[in-house]
Amino acid sequence: MQTLTFQLDRDYVELNQLLKLVGLCDSGGAGKVLVAGGEVHVDGQAELRKTCKIHAGQTVSLGDVEIHVF
């Protein structure tokens with residue numbers, strides 16, 4: 001499993017934008033497609049809200065990639 005870290009520079013980041021910012025997709029729109037397809041998990045639970053607010057301390061996973069947000 002590949003592990004990435006992402007440091008917030010504000011209170012939260014939207015899930016679709018996080019996927020774009022760490023390089024797992026080319027655009028926020030592509031991130032929305034991944035989320036809508038049920039492929040993204042937040043803290044171990046499937047997340048279908050495309051613009052879900054991700055805060056420090058949460059973990060996002062997509063396939064074999066895990067993103068630790070701090």
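Is Asn16 buried or exposed, and what is its relative accessible area? Asn16 is buried, with a relative accessible area of 2%, where buried means under 20%, exposed over 50% and partly exposed in between, computed with a 1.4 Å probe on protein chains only. The structure is a predicted model, in which local features need pLDDT of at least 70 and side-chain atom pairs count only at pLDDT 80 or more, while totals for chains, interfaces and linings use all residues. Residues are numbered from 1 along each chain as its sequence is written, and side-chain values use heavy atoms, with hydrogens and water left out.

Asn16 has its place in helix H1; helices (H or I, at least four residues) and strands (E, at least two) are DSSP runs numbered from the N terminus. A polar atom of the Asn16 side chain lies 3.4 Å from the backbone oxygen of Gly28. Not counting residues up to four places away in sequence, Asn16 touches Gly28, Gly31, Lys32, Lys50 and Thr51, contact meaning heavy atoms within 4.5 Å.

The sheet comes next. Five strands form an open sheet of mixed pairing, in the order S1-S7-S6-S3-S4, and two strands are taken to pair if DSSP finds at least two bridges between them. Strand S1 (2–6) and strand S4 (45–46) are the edge strands, each pairing on one side only. Strand S3 (residues 40–42) runs antiparallel to S4 and is joined to S4 by two bridges, and the bridge partner of Val42 in S4 is Gln45.

In the loop between S4 and strand S5 (53–54) sits Glu47, which counts as buried because its relative accessibility is 10%. Its side chain makes a polar contact with the side chain of Arg49 at 2.8 Å; such a contact is a pair of N or O atoms within 3.5 Å, where within protein one must be able to donate a hydrogen and the other to accept it, and residues adjacent in sequence count only if both atoms are side-chain atoms. Beyond four places in sequence, the residues that Glu47 touches include Leu15, Val40 and Val42.

Leu15 and Val40 are also among the residues that touch the most other members of the largest nonpolar core, which has 19 residues. Such a core is a set of buried Ala, Val, Leu, Ile, Met, Phe, Trp, Tyr and Cys residues joined through side-chain atoms within 4.5 Å. Elements giving two or more residues to this core include S1, helix H1 (15–21) and helix H2 (28–36).
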